[in-house]
Amino acid sequence: MTVGEGLEILLYGGQCRFKVVDGLDISEIPRDELYSMPTSFDQTHYIWNHNASNGDIIKATIAYQDEIVDIEVDIPWIAWHNKEVTLNGVTFSLRTGPNRCSIKVNQTGIRVTDVQFMFGIQER
């Protein structure tokens with residue numbers, strides 16, 4: 001389920017079947033940074049331009065340690081919208097603004113290689 005594998009649609013969840021816009025690609029992350037996901041938003045390799053419009057919806061899938069969940073966030077006209085999900089005791093937060101989205105976790109030491117994240121857009 002990584003972008004690097006070239007998948008074209010999000011596979012998990014009955015309502016989450018959208019062409020992939022972007023996501024976590026561990027091949028772009030330096031080896032020394034693979035041992036910890038960021039605990040704050042807008043970090044390099046964890047922020048993406050979504051190229052969508054106000055009122056569209058980010059439809060994402062997150063997998064961590066054999067658990068997988070869909071998450072969606074409405075794209076706002078201004079400011080940010082956040083959504084959170086918890087997988088195996090780790091809270092993943094997805095934030096989106098008018099132009100880009102970003103992901104973070106609530107604790108240090110979460111290995112990037114244990115996480116998969118991709119998102120698509122549902123147009124209004």
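Good morning. The structure is a predicted model, in which local features need a pLDDT of at least 70, side-chain atom pairs count only at pLDDT 80 or more, and totals for chains, interfaces and linings use all residues. Residues are numbered from 1 along each chain as its sequence is written, and side-chain values use heavy atoms, with hydrogens and water left out.

I begin with confidence. pLDDT is the predictor's confidence in each residue, from 0 to 100. The mean for the protein chain is 86, and 85% of its residues reach 70 or more. Over residues 1–16, however, pLDDT stays under 50, and the model has 47 contacts beyond four places in sequence for this stretch; a contact means heavy atoms within 4.5 Å. Where pLDDT is low, the predicted coordinates should not be read in detail.

Next, the overall architecture. The protein chain has zero helices and eight strands. Here helices (H or I, at least four residues) and strands (E, at least two) are DSSP runs, numbered from the N terminus. Of the 124 residues, 44% count as buried. Buried means under 20% relative accessible area, exposed over 50%, and partly exposed in between, with a 1.4 Å probe and protein chains only. Among contacts in the chain with a separation of 6 or more, residues 24 or more positions apart account for 55%.

Let us turn to strand pairing, where two strands pair if DSSP finds at least two bridges between them. Strands β3 (57–64) and β4 (67–74) run antiparallel and are joined by eight bridges. Within this pair, Ala63 stands opposite Ile68 in β4. Their hairpin has two residues between the strands, and Gln65 there takes a positive phi near 45°. Asp66, in the loop between β3 and β4, also has a positive phi, near 70°, in a residue other than glycine. Asp66 is exposed, with a relative accessible area of 87%.

The side chains of Thr61 and Asp70 are joined by a polar contact of 2.9 Å. By polar contact I mean a pair of N or O atoms within 3.5 Å; within protein, one must be able to donate a hydrogen and the other to accept it, and residues adjacent in sequence count only if both atoms are side-chain atoms.

How many residues of β6 are buried? Seven of the seven are, so β6 is largely enclosed by the rest of the structure. Val90, Phe92, Leu94 and Thr96 point one way from the strand, while Thr91, Ser93 and Arg95 point the other way. In a regular strand the side chains alternate between the two faces of the sheet. On one side of the pairing, seven bridges join β5 to β6 in antiparallel fashion, with His81 opposite Thr96. That hairpin has two residues between its strands, and Asn88 takes a positive phi near 50°. β6 also pairs with β7, again in the antiparallel sense, over five bridges. Ser93 stands opposite Lys104 in β7, and three residues lie between β6 and β7 in their hairpin.

In the largest nonpolar core, of 28 residues, Phe92 and Phe117 touch the most other members. The elements giving two or more residues to this core are β3, β4, β5 (81–87), β6 (90–96), β7 (100–105) and β8 (115–122). A nonpolar core is a set of buried Ala, Val, Leu, Ile, Met, Phe, Trp, Tyr and Cys residues joined through side-chain atoms within 4.5 Å. Beyond four places in sequence, the contacts of Phe92 include Ile62, Tyr64, Val85, Leu87, Ile103 and Val115.

Asn51, by contrast, is exposed at 69% and has a positive phi near 55°. Finally, Glu123, in the segment after β8, is 68 residues from Gly55 in sequence and 7.7 Å from Gly55 in space, C-alpha to C-alpha. Thank you.
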